[in-house]
Amino acid sequence: MSEHGDRELLLVGVGMMGRPYVAAARRLGLRVRAIEAQDWAGAIEDLVDAVEPSQGKYGSLDELWAETVHAAAQANRPDGILAFTESHVLGAAMAQDRLGLPGPSLQAAVVSRNKALQRGRFRAHGIGQPEYLLTDDLQGSAQWAGARLPVVVKPLSSAGSEGVELLADAAAFDRAAARRAAQRPLLVESALDGPEYSWEALVRDGEIWFSNLTAKTTTGPPHFIELAHRVAAPLPPADAEQVAELGRSVLAAIGMRTGIVHLEFRMTSAGPAVMEVAVRTPGDYIMELCSLAYGIDWHEMVVRLAVGAELPPPPQGPVRHAASLFVVSDPGEVIALDGLDAVRDHPAVVDAAFRVAVGDTVAPASSSLQRTAYAVLAADSPEELEEAIEFTRRTLSIKTVPVATEE
């Protein structure tokens, strides 16, 4: 018999980054039943009250996760259901809808899992976004793209910039069309120009309880791999109001009810323009950064929303400055890792680690899934935070040498 209360949270996906949800649910006195990939189930069985193994894998078919969610919800009738990442969203929303539990809404979940549905929805609602073309024949869209170069090509469902590619000229487009001929359907979009941000919001019954703005640094074209996130980002008042209106408009357009929203956009000369929206936990430690910056546990707030629990008063504003930093290494064999102890000893560094080991082979990076190190930082002033970021960049070292190829 569990030592925890009678109310139960069904947590769809845990892995490593979802573990703060388990801790938050425990603090709230909830039982936790987790749905987890078979390969991961054994690693979390001591953390939760029950594990339901799924044939689904992270980034795999939504349908496999949905099958397990439905069976677990039917058998155990949880008090709340919480999806962790992309491939969990749809199955969780279907079960929330069936049982009348809090959630983003089945409509919002479906739209969030398909970038083409987002484009059509945002067009109908007059929301700023790039020009776009949905195609199952990339080469056949060459004329459309040629009139709008540079363009971005992306799959309909992905995360971590996987499959997102900027094509600067007609020759690059033709090469991509040949290379990606078997991929369909695809979105082709006019490239947006301007700084990149994300907007995170905690929403209850369609109303924003609290929101945050995150400024992003990326590698730029062609793949835009994310290198840094700074939360509680400042904007001039007029721009801040435009972003707030964008957020409200997107929530209305997708039919968002309750949960967390992660909206990515660029601040263009014509105002903010949407890149994509998701109704799941943002990656890259943004939840941890928001918790550090605002003095509340964002994971706990999401759990409270999922089970219909009372929320505390929202924060008045940031109490600290926080950022996450990532490393993209040169391709080749890793021959040395240096500087981690010094980085961890820095007073502003909350967490840091390498994601590769000596002897590993680093491929040329084309998505955020291929970054090789990270750090989470927090400081009392913007100046202290920037100093810590620069120190970390200088000190974390991953040395690679080219891998010999056979003649």
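The model I am reading is a predicted one.

**Entry 1: H1 against H11**

I noted the crossing as right-handed. From H1, the residues in the contact are Pro 20, Tyr 21, Ala 24, Ala 25 and Arg 27. On the H11 side I found His 299, Glu 300, Val 302 and Val 303. Six of the contact residues are nonpolar, one is polar and two are charged.

Just after H1 comes Gly 29, with a positive phi of about 75°.

**Entry 2: the cores**

I looked up the largest nonpolar core and found 42 residues in it. Those with the most contacts inside this core are Leu 9, Tyr 21, Leu 82, Leu 202, Trp 298 and Val 303. Elements that each supply at least two of its residues include S1, H1, S2 and H10. H11 gives the largest share, seven residues.

Leaving out residues up to four places away in sequence, Leu 82 touches Leu 9, Leu 10, Leu 11, Val 12, Tyr 21, Val 302, Val 303 and Ala 306. Another core, of 41 residues, lies apart from the largest one; among its residues are Ala 73, Ile 127, Trp 199 and Phe 265.

**Entry 3: backbone details**

I noted a cis peptide bond between Leu 149 and Pro 150, with omega about 0°. Pro 150 sits in the loop between helix H7 (142-146) and strand S6 (151-155). A cis peptide bond also joins Arg 184 and Pro 185, with omega about -10°. Pro 185 is in the loop between helix H8 (170-179) and strand S8 (186-190).

In the loop between strand S13 (271-278) and H10 I found Asp 284. Asp 284 is not a glycine, yet has a positive phi of about 60°. Tyr 285, in the loop between S13 and H10, has a positive phi of about 65°.

Are these two buried or exposed? Buried means under 20% relative accessible area. Asp 284 counts as buried at 12% relative accessibility, and Tyr 285 is buried at 10%.

Definitions and conventions: Residues numbered from 1 in each chain as written. Predicted model: local features only at pLDDT ≥ 70, side-chain atom pairs only at ≥ 80, totals over all residues. Heavy atoms only, no water. Helix = DSSP H or I, 4+ residues; strand = E, 2+ residues; numbered from the N terminus. Left-handed = near helix turned anticlockwise from the far one by under 90°. Contact = heavy atoms within 4.5 Å. Nonpolar A, V, L, I, M, F, W, Y, C, P; charged D, E, K, R; others polar. Core = buried A, V, L, I, M, F, W, Y, C linked by side-chain atoms within 4.5 Å. Buried < 20%, exposed > 50% of the residue type's maximum accessible area, 1.4 Å probe, protein only.
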